[in-house]
Amino acid sequence: MSRPIALLAYQEADLEKQQIEADIRTTANRVKLNKLAKFIKQQQANLTKLNEDIESFNASLARQNTQYTALLDRLDLETSEFETLKGDEECTSEEMTEFRHDIEKLQREANNLEKEIKQLFRSLDEAVVEYQKTRQQGSKAKKEYDQLKVVCQKEKDDASIDLLAADRKMEELQKRVNPSLMARYQRVRQHYNTPVVEVRDGKCSGCNMSLPSLAIRRLVSEDMILECENCGRLLYADNE
Ligand SMILES: [Zn+2]
């Protein structure tokens, strides 16, 4: 078909409108807003994780403290028994050695546990500091986000005037297009921003697929719009 002028004019207006919409979505402020939203979401996930860590450190600490207290009690008991045995003449030196070993073993366990508890306290402190820092950053980002959102809304409102104008232009141009052709356009438009393309060098200029020569002959001689067998776009050929 020779150049479908009315349909191409409509498509051009359609593309202009798409460009306005894309511009709204990609202003510097809008891009920053999206970035902030992502950051805030990440911070919230971090907070949840830190909170879980803190709870688990606390639980471990409670457990280890109980264990530690029990160990110290046993150590006290065994030490005082040892002192008593020292005065007992019937107690053999082997028994005394064994007893001393037991006490030393308990002492080592208590020392190790003490180290673990100190490490847990350090981890807990770090997690709490990190939690507070993350919360501060999060609330700062949230404030920034709220302010920027107002700016973005203003941009959108401003652009809506342009969008309305684009809509009106498309309405006008649509009146000049054959309705059944417009229906075909809309169907293809669901898949492509540019539903109507020219045949160039025997190829669909949308997907670059070579067209059967029969199809090209029909396009030219019967002056009709065909659909590309590969991508489904509407094809026209400039009759020269
Ligand atoms: Zn194609």
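The chain is divided into domain 1 (12-175) and domain 2 (181-236), with bounds that come from an automatic or database domain assignment. The centres of domain 1 and domain 2, taken over C-alpha atoms, are separated by 56 Å. The structure is a predicted model, in which local features need pLDDT of at least 70, side-chain atom pairs count only at pLDDT 80 or more, and totals for chains, interfaces and linings use all residues. Residues are numbered from 1 along each chain as its sequence is written.

The overall dimensions were considered next. The C-alpha atoms of the chain fill a box of roughly 125 × 45 × 25 Å along the principal axes. The radius of gyration of the chain is 40 Å, whereas a compact globule of 240 residues would have a value near 18 Å. This radius is taken over C-alpha atoms, and the globule rule is 2.2 Å times the number of residues to the power 0.38. Buried residues make up 9% of the 240 residues. A residue is termed buried if 20 or more other C-beta atoms lie within 10 Å of its own, exposed if 12 or fewer do, and partly exposed in between, with C-beta atoms placed from the backbone. Of the contacts in the chain with a separation of 6 or more, 75% are made by residues 24 or more positions apart; a contact requires that the C-beta atoms of two residues, placed from the backbone, lie within 7 Å.

Five helices and four strands are present in the chain. Helices (H or I, at least four residues) and strands (E, at least two) are DSSP runs, numbered from the N terminus. Their order from the N terminus on is α-α-α-α-β-β-α-β-β.

Two residues illustrate the helical elements. Ile 20 lies in helix 1 and is partly exposed, because 15 other C-beta atoms are found within 10 Å. Apart from neighbours within four places in sequence, Ile 20 is in contact with Ala 159, Asp 162, Leu 163 and Ala 166. The C-alpha atoms of Ile 20 and Ile 5 are separated by 23 Å, the two residues being 15 residues apart along the chain. Asn 111 belongs to helix 3 (residues 93-174) and is exposed, because it has 11 other C-beta atoms within 10 Å. Between the C-alpha atoms of Asn 111 and Asp 23, which are 88 residues apart along the chain, the separation is 66 Å.

The strands form an open sheet of four strands in the order 2-1-4-3, with mixed pairing. Strand 2 and strand 3 (226-227) stand at the edges, each with a single partner strand, so one side of each is left without a neighbour in the sheet. Two strands are taken to pair if DSSP finds at least two bridges between them. Strand 1 (residues 196-200) and strand 4 (residues 234-236) pair in the parallel sense over three bridges, and Glu 198 has Tyr 236 in strand 4 as its bridge partner. Strand 1 and strand 2 (residues 203-204) run antiparallel and are joined by two bridges, with Val 199 opposite Cys 204 in strand 2.

The turn of this hairpin has two residues between strand 1 and strand 2. Asp 201, in the loop between these strands, has a positive phi of about 50° although it is not a glycine. Asp 201 is exposed, because 8 other C-beta atoms lie within 10 Å. A positive phi of about 75° is found at Asn 208, likewise not a glycine. Asn 208 lies in the loop between strand 2 and helix 5 (213-221) and counts as exposed, because it has 12 C-beta neighbours inside 10 Å. Most residues other than glycine have a negative phi.

The largest nonpolar core has 13 residues, and those with the most contacts inside it are Val 196, Val 199, Cys 204 and Leu 235. Helix 1 (5-25), strand 1 and strand 4 are the elements that give two or more residues to this core. Such a core is a set of buried Ala, Val, Leu, Ile, Met, Phe, Trp, Tyr and Cys residues joined through C-beta atoms within 7 Å. Not counting residues up to four places away in sequence, Val 196 touches Pro 4, Leu 7, Leu 8, Gln 11, Tyr 185, Arg 233, Leu 234 and Tyr 236. In soluble globular proteins, nonpolar side chains tend to be buried together.
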